[in-house]
Amino acid sequence: MTIIHEMRIFSAMRTARLIGKRYEGSANWEQWWENDWFSVLEEKQPLAFNGDAYIGAVQIADGRPRRWIGMFFPTDTQVPEGFEFIDIEPMDYGVCYLFMGSR
């Protein structure tokens, strides 16, 4: 198996709401697939600037990493029951894509 890594730097991301689940330890992607949680989020209108991607993010709070899995939405989006959110101010950010196989 070949993993191809691509890094893109985007500038001036507008304000966004990350809706998902927060993890103090390792983020559990398997839990998302087993519970079909992305389908709940996909019922809402995500921000399209990153291709409606599923997001794995790390937030540093009190010197410790908090991991998130979710999707980006406009800041006025209602949060579904059982999910959490964090509003993110405009900033520059980087995105790393991992692909299996050749591109």
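Leaving aside neighbours within four places in sequence, which residues is I19 in contact with? In this predicted model, where residues are numbered from 1 along each chain as its sequence is written, local features need pLDDT of at least 70, side-chain atom pairs count only at pLDDT 80 or more, and totals for chains, interfaces and linings use all residues. Side-chain values rest on heavy atoms, with hydrogens and water left out.

As for I19, its contacts (heavy atoms within 4.5 Å) are L41, I69, G70, M71, F73, T77, Q78, V79, P80, F83, E84 and F85. I19 also belongs to the largest nonpolar core, which has 10 residues, the others being Y23, W32, W37, F38, L41, I69, M71, F73 and F83. Such a core is a set of buried Ala, Val, Leu, Ile, Met, Phe, Trp, Tyr and Cys residues joined through side-chain atoms within 4.5 Å; buried means under 20% relative accessible area, exposed over 50%, and partly exposed in between (1.4 Å probe, protein chains only). At least two residues of this core come from each of β2 (16–23), α2 (37–42) and β4 (64–73), with helices (H or I, at least four residues) and strands (E, at least two) taken as DSSP runs numbered from the N terminus. Apart from this core lies another, of 7 residues, including A16, I55, W68 and I88.

Back to T77, one of the I19 contacts: it sits in the loop between β4 and β5 (84–88). T77 counts as buried because its relative accessible area is 12%. Not counting residues up to four places away in sequence, T77 touches R17, I19 and K44. A polar atom of the T77 side chain also lies 2.8 Å from the backbone oxygen of P74.

Terms used:
Polar contact = N/O pair within 3.5 Å; in protein donor to acceptor, adjacent residues only side chain to side chain.
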